[in-house]
Amino acid sequence: MNSDQKKQQAAIAALAYIEENTIIGVGTGSTVNHFIDALAARKLRIQGAVSSSEASTERMKKHGIEVFDLNSAGDLDVYIDGADESDGQLRLIKGGGAALTREKIVAAASRRFICIADDSKLVEVLGKFPLPVEVIPMARSYVARRLRALGGRPVWREGVITDNGNQILDVHDLRITDPVALEDAINQIAGVVTVGLFARRPADVLILGTDAGPKTLP
Ligand code: 5RP
């Protein structure tokens, strides 16, 4: 089974966490795209969704799924999203698709965060995947210097502008043994909008697509 098939398998398994007549949170990325397609195909009667990106909004609208503003939806029961890496405690690196800020907001506003991924995303120690950091454009070089002082090697994701009009630095060469401390440290840097470490608010459930079928953690 290839990684895309595993993503689809995890996405379909996540449908079991959706209750009818609720507004759900929906993340961003290729795994979530499978989830949106499966949700539409299954014809589950949800009220609609709060979206973490323009891309997911567009996909859901094409399927006829109503998209709500978080300000009018209030707290959500469940948030479904992918990840670039997860450790065994379901602390995540996210933001490969540059949607990390809205993803963090919708995850924070949700009672349960169900993360869906193929099994290659589960790692012992976070950091092999470069850590995305969304920055205010005028602060990019300053933030890069501060990230270097923290031991990373930031690389500007040139040409990418987030849905919020900001830029992304991808921080290489990190071995993140204390994700909460690093999340806090990066959040303290002036000009940082969001760091793609989801350690203070990890996933509650991780569904991995595997050759042997969907595997759920914890
Ligand atoms: C987007 C994300 C995605 O969840 C992450 O990049 C995983 O993407 P994919 O499902 O395509 O592997 O954080 O900002």
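## Briefing: overall build and an aromatic cluster

With 218 residues, a compact globule would have a radius of gyration near 17 Å, and this protein agrees because its own value is 17 Å. That radius is taken over C-alpha atoms, and the globule rule is 2.2 Å times the number of residues to the power 0.38. Please keep in mind that this is a predicted model, where local features need pLDDT of at least 70, side-chain atom pairs count only at pLDDT 80 or more, and totals for chains, interfaces and linings use all residues. Residues are numbered from 1 along each chain as its sequence is written, and side-chain values use heavy atoms, leaving out hydrogens and water.

**Fold and dimensions**

- You will find 7 helices and 14 strands in the protein; these are DSSP runs numbered from the N terminus, with helices being H or I of at least four residues and strands E of at least two.
- Along the principal axes, the C-alpha atoms fill a box of roughly 50 × 40 × 30 Å.
- Of contacts (heavy atoms within 4.5 Å) between residues at least 6 apart in sequence, 73% join residues at least 24 apart.

**Surface and charge**

- Of the 218 residues, 52% count as buried, which stands for under 20% relative accessible area, with exposed being over 50% and partly exposed in between (1.4 Å probe, protein chains only).
- The accessible surface comes to about 10000 Å², and carbon and sulfur atoms own 48% of it; the areas come from the Shrake-Rupley method with a 1.4 Å probe.
- There are 26 positive and 28 negative side chains, and the centres of the two sets lie 2 Å apart. Lys and Arg count as positive and Asp and Glu as negative, without His and the chain ends, and each charge is placed at NZ of Lys, CZ of Arg, CG of Asp or CD of Glu.

**Aromatic cluster**

- The structure holds 2 aromatic pairs: rings of Phe, Tyr and Trp (its six-membered ring) pair if their centres lie within 6.5 Å, with planes under 30 degrees apart stacked, over 60 edge-to-face and the rest tilted.
- Tyrosine 79 and phenylalanine 113 form a tilted pair, 5.1 Å centre to centre with 55° between the planes.
- Tyrosine 79 sits in strand β4 (residues 76-81) and phenylalanine 113 in strand β7 (residues 110-118), so this pair ties together parts 34 residues apart in sequence.
- Tyrosine 79 is buried because its relative accessibility is 0%, and phenylalanine 113 counts as buried at 0% too.
- Phenylalanine 113 also forms an edge-to-face pair with phenylalanine 198, at 6.5 Å centre to centre and 65° between the planes.
- This second pair links distant parts of the chain, with phenylalanine 113 in strand β7 and phenylalanine 198 in strand β12 (residues 197-198), 85 residues apart.
- Phenylalanine 198 is buried, with a relative accessible area of 1%.
- Together, ring pairs link Tyr79, Phe113 and Phe198 into a cluster.
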